[in-house]
Structure formats: structure tokens, C-alpha cells
Number of protein chains: 2
Amino acid sequence: LRERDIIRDLLAPLSGAGARGLSDDCAVIAPPPGRELVLTKDMMASGVHFLSADPPETVAHKLLAVNLSDLAAKGAVPLACLLGLAITEGLDDAWLRGFAQGLRTATNQFACPLLGGDTISGVDRITLSLTAFGHVAPGAAPDRAGARPGDLVYVSGTVGDAGLGLRQLLMANDVGGPLVGRYRKPAPQLALGQGLAALATASCDVSDGLLRDALNICEASDINMALEGPALPLGQAFLAAAPDILMGSLAHWQRFAATAGDDYELLFTIAPGAEAVLLTLSQQLGVTVSHIGRCLAHTDGPRLQVRWSDGSDQLPEVLGYQH
Amino acid sequence: LRERDIIRDLLAPLSGAGARGLSDDCAVIAPPPGRELVLTKDMMASGVHFLSADPPETVAHKLLAVNLSDLAAKGAVPLACLLGLAITEGLDDAWLRGFAQGLRTATNQFACPLLGGDTISGVDRITLSLTAFGHVAPGAAPDRAGARPGDLVYVSGTVGDAGLGLRQLLMANDVGGPLVGRYRKPAPQLALGQGLAALATASCDVSDGLLRDALNICEASDINMALEGPALPLGQAFLAAAPDILMGSLAHWQRFAATAGDDYELLFTIAPGAEAVLLTLSQQLGVTVSHIGRCLAHTDGPRLQVRWSDGSDQLPEVLGYQH
């Protein structure tokens, strides 16, 4: 398939209103009146951000999902996306068809139609770029800088699953199961994020690793944060699989989960009085949220303090994925 | 420089209002009320879309300019951009600093501030992606499908310069001059495009090659087109340099200019009665426009007919850059 054919045959069928069939220079859309636009763009390269053996359907899902996770952290409703697809010469058509099928399913699932983009050939590894647009009420998108001393720190869902799934994949190629599923097909917390827009004092998604992302909030908000290792939400599948992969104490696995990244959960802070509203929201949506710590005034001490279940309060040397 | 440092030290200083200092998950902007959004995204890879020896400042300029050329073709006013920067391990910091400097100059020149994006490392050749946003009056963005039989075909500026500049670069590395300048630092026709929004029946930019882009309009509008080779606007620098590079007739160089691509001029059609308005616009802006052909009803004959100055009417085998 040539670039022209990829666009016409595989991607144009996915395109939404305003995309001009992906055959014009640009897409043209009317933004929702009275709303702010929320914009994000993430890149993924084969062998760096996904495994070359990952099914192309899940690569497409992940590409959209990691961008929508950024929108979720800002409370945005997805609007549309643009795709940048840089492929190797002679790439198997089956990969492209699988990728397009995965993108079709994901854009439908998240109501985020494809509006345009670019396809190029001649790079040495598949390199993907996606720009996602969402919309939010004016002034409602939480940033990372609004956490105040006394605020409570929460994280949604469970953490560490994707990191353990990746480790399973690196140790044996054709494993499946829920942990690998979390690595390959992350679920952006869009509904929770939209509910949090009016509630969270600071919010981000957990992509690089919970501790790394928590430190980002600390630095942006100029606060310290005390986290409780035993409060980190570890899932059943994680706890069942962890001992099979590597011997280690519970504290070891808490540290792993706190630094593994690729979770695409929401890490956020709320004022102390907002707990009841948060729990109601959590119940309405059926999304668990875990209270994992609190915000402190910034002193000369370390920004992040964590107490692990073995009594240690040492920070891991690496807090998350290093950029 | 690590990814984090590139963003903080080199790119954050370029960022505009709503970018949240490039330190949040997303940018948040209020779209101009009552206007439609125009969206485009182009990728460029080193050794494919630019030469690895091209100065990083001009690579950054070109990356923005080729996207703004798409906006120009739709009559849009630039609003903002998002950058995707995929770099090789151990890339020289000087390259990154030069790229950031070039992007700073270009985003200032075109009033198109950086709002966000992503930086990744570990690819095998520098791969760039840019998403540009513009705005336009509702319904005013011309597409490629509106040309009607009888409409007149125009192109702005001169064509072939960038293609000849590239040929000069491929034959001798350290040449300069106006043709190389057109290859490395294309000038998007934003003012002309904005003036044409109310006038053009179809419009696109000349990126792949004039004949290839003309064929796109023919197919989208379901028309034929008759072009006059001698009417193609060849610049003084082109005519002066062409004989030095390769012997050939004027018709040979007309064909070269009609297929070389990378011109980033506007190719557009207007109704026959609109000529006077177009010429006034051209004079006001100081941008030349050349009448190069006319639109015909679609028959079973070839979509494109060109008569060259040597009397031949044969189409080149390759109409432009092949995707």
C-alpha cells in the first residue's frame, strides 16, 4: 500500500465530519460554542514506546488512549484527533490494516473521530504521532499547580498493572491476560476526569510513574507531599502475578507499582472538605479512587516522602520513566 | 540535553498563552468566537523530507511553513501549533539549539505560538511532526472540490525554484542562493490565501508538484483542466541557474517546474468574472498570480492536458512527489 492508498482505503473510512474525506489540505470544524479547547500530542516509536511484536490493533488503541488520558486529566470531552503515521519501506500491509482497524474501533469507542494528519514512508522504525482535541467549560481544566498544603492526594483504579504486564511480555513473548491487556490497551479515565474538573485542585495522568508524576505536581504547586506506600491500590491480578515474576516483599512491589508508569490512571488532589463529593462521584461512575497521601507546605526537606509497608521511607532511585 | 531539558530550556521559552509553560498534560485555549477551526498536520523525516545537512534553523522554519501553507490554502489565520520531536540518541545539542532558535523565529514571524507537543528519543533518524491550527469565517475555507468548467486556473509566485535548489544541494553541498533558500525556507502565502477565501472556487497549495496538485483538484471537482506550459511562472533565479545544472530546452524546464514540488505556492481556480478582483488583490498584496489554464467539463479524455512551449502535449510520466 502506498501512502495515498493508506489514506484513501484505510484511514478515510474512519474520518469524521469536517475531515473533508482526508483529501483536502486541512480539516475544518466548528468548535463547540462557549467551550475552551484542550490540546495534546503524544508520540510513540516502535521498540521505544511499544514492542514491535505488539498487535497493530492495540498499538493504535494505545496511541489514542494515551492522548485521551491527557485530556481526561484536564476534565475534557474528546472532540477529534489527527494522526501522524511514519512507516518503514515495505511494511507489511497486514500491519497497516490491523492498525487502521484498531484505530477505527478506538475512535468509535471514545467518540473521537479522525480529522486528518499525514502519512510518510522511509523511516527506520514505525513512529506514530497523534494530536487529540477536547473541550471543557471555560476555566474548568485543572492544572498541576493548584495543590495546596492540607489537600488530599488520590489516585484512580490500580497502579503497576501495565508495568508488570510489560515485564511479563519481556520475559515470554506470547503471554496474555489482564496485566498485558493493561499495558497494551490502557483505558483513559475520561468520565472520572470530567467529574473531577470542578473538584480537583490539581490533576495529571499517571504515565511516567506515580512518584514521578506526583513530583511534577509538587514542583508545579510548590508543595511537599507525603504518600503512604500501603495505600497504593494494587490489583488482584497484580498481586497474584507478582510473586511468579520475581521474588520480593510487598514493599518491593509497592515500589515497583509506584514507579512503573504506563498506568493512565488519574493522580489528583482535592481540598479536605471535598471527600464526600468525590466518593459519591466514584460510586456513581463505578471507578475506585484511593486516598494515598496528603499535601504539605514546602520546606527545605524532600518534595516527596513515602512510607513503605516495611517501615522504610527511602525513595527509589528512579521515580519513573526517564525522559 | 534530556527530553525534559529540551522542553524546559529550549521549547518552553517559545510557548504562547494557554501553553501552561509546556509543563502540563495539555494546552487550554479559548477558540476565537464565531470562527471555524482549520487543522493540519505534516511530518518530515531527516533524509526523506529534508537533508541531514540542512541547517536545523531552516528545518524548523520549513516544518512550520509547510503546515502554514496548508492553512493558507484554506484562507485561515494561524492560531497556534503543537510540535512532535523524535530525535536520535546522542544528538548534538547544537542541532537542538539551532532547531529551537529557528522555531522561535518562525513562530514569531508567522504569529503562530507553540502550545505543546511531545519530545521522544531513541528513533534512528530525526522525525518531526507539527500540528497547526488556524481560524476562518464559517464556511469560507475553500476546498479542492469546487472548481467548475469555465473557471480560470491560477498559481501564485513562481514554481520550480525549490526543486532546482534541492538539485543544486544534491550536486554540491555548500551552495546557497535564492533557489536553495526557497527549498529550505518556503514562504507560506498566508495573506493571499486569506484574500482568496472569498474568491477561489477551489484551492490547494503546491507541495507535491503543480501537475500532481492540479490533478487532485480535477479529481475532487470532477473536471478536466487544460494548462499552458508557457504560462507557468518561472523566476529569474530559476532561468539563470537552470542551464548550468543540466542542458535542456525551455520545455524541459517547464516540465521540471511543473512537477518538482516543494513550491508552497497556491494553486486555485476562480470564476471567469472574478479576474478583476483577483488582480486588485494581487496588486494590494504585492504577490504575483499567473493565469495558467482553464477548467473543462470532464469527458472521457485525460483529466489534465498541458501544452508545452515545444508544441508537445505529452504529460510527464511522474506528475510530482510520489507518496
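A residue counts as buried when its relative accessible area is under 20%. By that rule, helix α9 (residues 250-259) of chain B is mostly covered, with 7 of its 10 residues buried. The model described here is predicted. The points below cover a sheet and its helices in chain A, a loop residue, the cysteines, and parts of chain B.

**The sheet in chain A**
- Chain A holds an open sheet of 6 strands in the order β7-β9-β6-β10-β8-β11, and its pairing is mixed.
- At the edges lie β7 (200-205) and β11 (304-307) of chain A, each of which pairs on one side only.
- Ignoring direction, neighbouring strands of this sheet are turned against each other by 25 degrees on average.
- Strand β8 (residues 223-228) of chain A runs parallel to β11(A), and 4 bridges join the two.
- V306(A) in β11(A) is the bridge partner of L227(A).
- Strands of a sheet pair through backbone hydrogen bonds, in either a parallel or an antiparallel way.

**Helices on the sheet**
- Helix α2 (residues 56-73) of chain A packs on the sheet, where it touches β7 and β9 (266-270) of chain A.
- The direction of α2(A) makes about 175 degrees with that of β7(A).
- Helix α7 (residues 210-221) of chain A lies across β6 (152-156), β7, β8, β9, β10 (289-297) and β11 of chain A.
- Relative to β8(A), helix α7(A) runs at about 150 degrees.

**A loop residue, R148(A)**
- R148(A) sits in the loop between β5 (127-136) and β6 of chain A.
- R148(A) counts as partly exposed because its relative accessibility is 45%, which falls between the limits of 20% for buried and 50% for exposed.
- Leaving out residues up to four places away in sequence, R148(A) touches T201(A), I223(A), A271(A) and C295(A).
- N108(A) is 40 residues from R148(A) along the chain, and the C-alpha atoms of the two are separated by 38 Å.

**Cysteines**
- A disulfide requires a pair of cysteine sulfur atoms within 2.5 Å, and the count over all chains is 0.
- C81(A) is in no disulfide; the nearest cysteine sulfur belongs to C112(A) and is 4.4 Å away.
- C81(A) is buried, with a relative accessible area of 0%.
- In chain B, the closest cysteine sulfur to that of C112(B) is in C81(B), and at 4.4 Å it is too far for a bond.
- C112(B) is buried, its relative accessible area being 0%.

**Helices α1 and α3 of chain B**
- Helix α1 (residues 3-11) and helix α3 (residues 93-109) of chain B have axes that come within 10 Å and cross at roughly 45 degrees.
- That angle makes α1(B) oblique to α3(B).
- The crossing of α1(B) and α3(B) is right-handed.
- I6(B), L10(B) and L11(B) of α1(B) make the contact with L96(B), R97(B), A100(B) and L103(B) of α3(B).

**T119(B)**
- T119(B) belongs to strand β4 (residues 114-121) of chain B.
- T119(B) counts as buried because its relative accessibility is 3%.
- Apart from neighbours within four places in sequence, T119(B) is in contact with E3(B), I6(B), I7(B), L11(B) and L85(B).

**Helix α9 of chain B**
- The buried residues of α9(B) are A251(B), W253(B), Q254(B), F256(B), A257(B), A258(B) and T259(B).
- Just after α9(B), G261(B) has a positive phi of about 80 degrees.

Technical notes
Residues numbered from 1 in each chain as written. Chains lettered and ligands numbered in written order. Predicted model: local features only at pLDDT ≥ 70, side-chain atom pairs only at ≥ 80, totals over all residues. Heavy atoms only, no water. Pairing = 2+ DSSP bridges. Axes fitted to C-alpha atoms, helices over the stretch in contact; angles between N-to-C directions. Contact = heavy atoms within 4.5 Å. Buried < 20%, exposed > 50% of the residue type's maximum accessible area, 1.4 Å probe, protein only. Parallel < 35°, antiparallel > 145°, perpendicular 65-115°, else oblique. Left-handed = near helix turned anticlockwise from the far one by under 90°.
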